[in-house]
Amino acid sequence: MPWSNQSGGGGPWKGGGSGGGPWGSGGNSGGPWGGGPSRGGGGAPPDLEELLKRTQDRMKSILPGGGGNLGFVGVLIVIGIGIITWLMTGFYIVNEGEVGVELVLGEVVDQTPPGFSYNWPYPVGQVYKPRVELQRETTVGVDESVTGSGAVRSRDVPEESLMLTGDENIVDVGFKVLWRIKNTNEGITDYLFNIEEPFVTVKAVAESAMREVVGESRIDSILTESRVTIEKDVLTLMQTTMDTYRAGIEIAEVQMQRVDPPEQVIDAFRDVQAARADQERIRNEAETYANRIVPEARGEAARILEAANGYREQTIAEATGESQRFTKIYDQYKLAPDVTRERIYLETLEKVLGKNNKIIIDSSTSGSGVLPFLPLNELGGRGAAPAARTGGN
């Protein structure tokens with residue numbers, strides 16, 4: 001039966017707090033025959049015996065002769081009025097964001113949307129009204145309280161926040177879990193009747209899941225880049241556990257608020273973190289330098305290689321051309337040696353003398369004391385300075 005798991009405030013016959021079901025609005029305040037559940041503003045049903053007694057007294061005052069014995073008809077009238085009054089207490093209102101869960105003789109028979117509805121009155125029927133759209137919040141490792149000025153004050157809870165990492169270090173973790181009731185027929189029923197204290201259950205599961213995930217991680221990754229990964233892993237593990245419990249709870253988000261080394265060694269950890277930051281900075285600078293130098297070196301190597309290949313092709317082409325030219329000249333030399341020899345001589349003189357400054361001296365006038373000078377370089381427009389005078393034929 002749906003109330004079999006309740007021991008003190010969660011089942012259909014146990015008292016509940018505000019909020020819905022065993023923990024919210026619509027819960028009971030007594031045993032199965034004590035007080036009925038809240039029905040959107042209605043109180044506990046009137047005592048039938050007291051109602052019958054009052055009705056009988058009124059009938060006696062109305063009937064002739066002071067009433068006397070009402071008889072069978074009067075008793076029926078009193079019982080009928082009592083039954084109608086009792087049935088009228090079955091009306092209830094479901095507010096926006098709530099779901100009405102109707103029970104008849106302890107068994108769930110229907111779930112009603114927001115609005116005006118009816119169910120059998122207590123003790124035959126009961127109605128729970130959990131707030132399914134409300135997002136609830138549970139903190140682990142941190143105790144938050146609101147001061148008189150409205151500010152939120154946080155206090156560390158070491159027995160919850162100190163956890164052992166995978167590399168045998170201790171880390172101080174404070175986090176928050178956001179959760180809600182699963183807005184399905186089965187989820188709402190599970191939330192009402194399968195767990196007794198949802199907030200305590202969520203907190204215990206959250207702490208256990210965080211300890212398991214932290215216990216498989218290294219402290220340096222926990223303190224730096226792995227927060228998002230840890231939050232996702234804890235959420236997945238918590239949801240799997242809640243589904244195993246059939247708690248009817250949906251984990252919406254896990255938020256890590258504080259991840260620090262223990263207070264006694266926090267200065268040493270900060271020094272280590274600063275050293276690691278310097279190491280990372282130097283590594284990044286070295287990678288930047290390498291990314292700049294290596295492409296430049298590769299480009300220079302490619303340029304030298306291309307220049308060498310070009311020089312090789314040029315040298316081979318020139319050598320090939322010279323060899324072919326020599327072969328052609330040799331063929332001509334065999335046909336006309338004297339003419340070919342004279343032509344080669346003149347071509348060689350043209351190449352040699354064409355690159356040098358020249359001065360012509362007429363030797364026939366050397367006895368007259370006059371030195372004729374013909375500046376061939378200047379006449380040729382080369383603009384070169386006159387060369388030193390030399391004697392010759």
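The model is predicted, with local features needing pLDDT of at least 70 and side-chain atom pairs counting only at pLDDT 80 or more, while totals for chains, interfaces and linings use all residues. Residues are numbered from 1 along each chain as its sequence is written, and side-chain values use heavy atoms, leaving out hydrogens and water.

**Exercise 1.** Identify the residues of the nonpolar surface patch and the elements that supply them.

*Solution.* First, patch members need over 30% relative accessible area and no salt bridge, and nonpolar side chains (Val, Leu, Ile, Met, Phe, Trp, Tyr) are joined within 5 Å, like charges within 9 Å. Areas come from the Shrake-Rupley method with a 1.4 Å probe, and a salt bridge puts a side-chain nitrogen of Lys or Arg within 4 Å of a carboxyl oxygen of Asp or Glu. Next, the patch consists of Ile84, Met88, Phe91, Ile93, Phe116 and Tyr118, with about 600 Å² of accessible area together. Finally, α2 (71-88), β1 (91-94) and β4 (115-118) each supply at least two of its residues, where helices (H or I, at least four residues) and strands (E, at least two) are DSSP runs.

**Exercise 2.** Describe the cover and the pairing of strand β2.

*Solution.* First, four of the five residues of β2 (residues 100-104) are buried, that is, under 20% relative accessible area. Next, β2 pairs (at least two DSSP bridges) in the antiparallel sense with β3 (residues 107-112) over five bridges, and Gly100 has Thr112 as its bridge partner. Finally, β2 pairs with β5 (residues 125-128), also in the antiparallel sense, over four bridges, with Val101 opposite Tyr128.

Definitions and conventions: Buried means under 20% relative accessible area, exposed over 50%, partly exposed in between (1.4 Å probe, protein chains only).
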